[in-house]
Amino acid sequence: MSQENRCLSCSNEFEGKYCNQCGEKVIDQKDRRLVYFLGELVNAITFADSKLWKSLVLIVRKPGFVSYEYVKGVRKPYMRPLSLFFLANLLYFLFPIFNTFNTTLYHQTKSFSFLHSEEASRMVANQVEAMDISYEEFETRYNAKTTELSKMLLIVMVFLVAAMFSIIHIGSAKKLLADHLTIALELMIYILVACMQIFGLLLIGFKIIGLGFTNSETFSSLSVIFLIGFFVYNAERNFYGFEKKRRWFNTIVVLVSFIISMFLYRAFLFFVTFWML
Ligand SMILES: [Zn+2]
């Protein structure tokens, strides 16, 4: 027989080790020992929390599954998608191997791949003259501002991706808006961790052992598009439960919209940063 407890956090009366209203745990004497504290500390420093690794490995290997579980109500074994998203963001901005989201002034103006690059260079040249500062100083200010903004824009991206998912699944999948948001978060975590960090490290590894083709920007862009395609194709089954034909079609639609939105994202990021400087 377990005894009746009064929850210290919400005053609810319950039986067992956890409050059935707010989830507060009844503290054991052993939870107050130094060993327990040190264990928590090691977890916090090394991110050895098994929920984190379990979620990440599944997101990379079985895209859409964690979101499927989360929406169904199997939440305890995984890290919350929103927390994981902010952690992925933090990692991305600490080690920006690819500057896809945090596009520096150099890439905005000197790279030929954007429609707005030429116009951007002209605007920057005029602005540098008008502000009477050196190009280097302008660049430093610009890059600081753009990093700040892209952190906010990444959150906007989650909503855009969710909107895209809900549009292409109208009438065909019994999902609510919050469900589309969950899978959108998973896709953004996947992009930030799998494509930008893991794949980025692999590229650096290849470069070190002398595989020169990895220097090409086209190669890395195509690989990232392929990786995102892998995610969507699998998520269409694991999360939305579709069959082959429909999965191919949806994957292509998502990829095309994604590529277009990346161009728009970079242009938008440039003009907003420029305007706010
Ligand atoms: Zn409680």
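Reader: What should I know before I start?

Author: This is a predicted model, in which local features need pLDDT of at least 70 and side-chain atom pairs count only at pLDDT 80 or more, while totals for chains, interfaces and linings use all residues. Residues are numbered from 1 along each chain as its sequence is written, and side-chain values use heavy atoms, with hydrogens and water left out.

Reader: What pLDDT does the protein chain average?

Author: The average is 86, and 93% of the residues score at least 70; pLDDT is the predictor's confidence in each residue, from 0 to 100.

Reader: How many cavities of 30 Å³ or more does a search of the whole structure find?

Author: The search finds 1. A cavity is a set of points on a 1 Å grid over the protein atoms alone where a 1.4 Å probe fits but cannot get out, and its lining residues have an atom within 4 Å of a point. The volume is about 50 Å³ for the largest cavity, where volume means the space filled by probe spheres set on the points, joined across faces, edges and corners.

Reader: Which helix gives the most to the lining of the largest cavity?

Author: Helix α8 does, with 3 residues. Helices α2 (50-61), α3 (65-72), α4 (81-94) and α8 (177-208) each supply at least two. The lining includes S55, M79, R80 and E186.

Reader: Turning to Q197, is it buried or exposed?

Author: Q197 is buried because its relative accessible area is 10%; buried means under 20%, exposed over 50% and partly exposed in between, with a 1.4 Å probe and protein chains only. Q197 lies in helix α8 and touches L91, Y92, F95, I97 and L192, not counting residues up to four places away in sequence. Contact means heavy atoms within 4.5 Å.

Reader: And where is M164?

Author: M164 is in helix α7 (residues 135-168).

Reader: Lastly, how many disulfides are found?

Author: The search of the whole structure finds 0, a disulfide being a pair of cysteine sulfur atoms within 2.5 Å. C19 counts as buried at 4% relative accessibility, and C22 as partly exposed at 43%.

Conventions
1 Å grid on protein atoms, 1.4 Å probe; cavity = no way out; pocket = protein on both sides within 12 Å on 5 of 7 lines; lining within 4 Å. Helix = DSSP H or I, 4+ residues; strand = E, 2+ residues; numbered from the N terminus.
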